[in-house]
Amino acid sequence: MADKEKKVCDSPSSHDQSKQEEDLMALYGSDSGWVEARTHCDHLDILSSDLTHIPTPDTPCNRCHHPAENWLCLSCKDVLCSRFINKHMLDHYRQHHHCLALSYSDLSVWCFSCDAYLDAQVMPPLRPVYETAYILKFGEAPPFRTIECLQLGDGSSSGN
């Protein structure tokens, strides 16, 4: 944590300092279920060569035709439902080993092989599909995340 985040008062007791650290951990997500997306994945070589032409976010599951909670396979561009519906994207991964998928619900990218979310906004191979899906979903380009925003998450920004 940055020094200025730790120094909330001049001489905190150990109890106060512990409480402050707990509050900061809650703020940064440990108590809220916040998941830090990875900025590296060894499976990007399986991406489709054209991720700027994708099905629209309202596309139903190709198997069960469920209209919501659908994911886009980033290898073959199939649209399949989540593990909370009929698990068709999970089945697709198990059958075809297409491990990368974009959620049309929140535009997150999941790697089944890494068992982790990926930060599509900062990973150059994923940025085009994220931007295209965002435009299709919201009708405008996504906001640009600055370096300062990225540094706040890793504690590398400098204080005054």
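The legends below describe close-up views of a predicted model.

Residues are numbered from 1 along each chain as its sequence is written, and side-chain values use heavy atoms, with hydrogens and water left out. Local features need pLDDT of at least 70 and side-chain atom pairs count only at pLDDT 80 or more, whereas totals for chains, interfaces and linings use all residues.

**Figure 1. Overall fold of the protein, with five helices and five strands.** Helices (H or I, at least four residues) and strands (E, at least two) are DSSP runs, numbered from the N terminus. Along the sequence they follow the pattern α-α-β-β-α-β-β-β-α-α. The protein has 160 residues, of which 33% count as buried; buried means under 20% relative accessible area, exposed over 50%, and partly exposed in between (1.4 Å probe, protein chains only). A contact means heavy atoms within 4.5 Å. Of the contacts with a separation of 6 or more, 50% join residues 24 or more positions apart.

**Figure 2. The largest nonpolar core, with 35 residues.** Such a core is a set of buried Ala, Val, Leu, Ile, Met, Phe, Trp, Tyr and Cys residues joined through side-chain atoms within 4.5 Å. Leu74, Leu100, Leu102, Leu118 and Leu126 touch the most other members. Two or more residues each come from β1, β2 (79-81), α3, β3, β4 (109-111), β5 (116-118) and α4. Helix α4 gives the most, with four residues. Leaving aside neighbours within four places in sequence, leucine 118 is in contact with Ala37, Arg38, His40, Cys41, Leu44, Leu100, Val109, Cys111, Met123 and Leu126.

**Figure 3. Helix α4 and the strands it packs against.** The 12 residues of α4 reach 16 Å from first C-alpha to last, close to the 16 Å expected at 1.5 Å a residue; the expected span is 1.5 Å times one less than the number of residues. Arg127, Val129, Tyr130, Thr132, Ala133 and Tyr134 are buried in this helix. The buried residues of α4 pack against β1 (70-73) and β3 (100-103). Just after the helix, glycine 139 takes a positive phi of about 80 degrees.

**Figure 4. Arginine 127 in helix α4.** Arginine 127 has a relative accessible area of 15%, so this residue counts as buried. Its side chain is joined to that of glutamate 131 by a polar contact of 2.6 Å. A polar contact is a pair of N or O atoms within 3.5 Å; within protein, one must be able to donate a hydrogen and the other to accept it, and residues adjacent in sequence count only if both atoms are side-chain atoms. Beyond neighbours within four places in sequence, arginine 127 is in contact with Ala120, Gln121, Pro142, Pro143 and Phe144.

**Figure 5. Aromatic pairs, four in the count.** Rings of Phe, Tyr and Trp (its six-membered ring) pair if their centres lie within 6.5 Å; planes under 30 degrees apart count as stacked, over 60 as edge-to-face and the rest as tilted. The pair of tryptophan 110 and tyrosine 117 is edge-to-face because the ring centres are 4.7 Å apart and the planes stand at 75 degrees. Tryptophan 110 is buried at 13% relative accessibility, whereas tyrosine 117 is partly exposed at 31%. Tyrosine 134 and phenylalanine 138 form a tilted pair, 4.7 Å centre to centre with 50 degrees between the planes. Both lie in helix α4 (residues 127-138), four residues apart, about one turn of the helix. Tyrosine 134 is buried at 14%, and phenylalanine 138 is partly exposed at 47%. Tyr130, Tyr134 and Phe138 form one aromatic cluster.

Figure 6. The side chains of histidine 98 and histidine 92 are joined by a polar contact of 3.1 Å. Apart from neighbours within four places in sequence, histidine 98 is in contact with Ile46, Cys73, Ser75, Cys76, His92, Tyr93 and Phe112.

**Figure 7. Leucine 107 in the loop between β3 and β4.** Although leucine 107 is not a glycine, its phi is positive, about 65 degrees. Leucine 107 is buried, with a relative accessible area of 5%.
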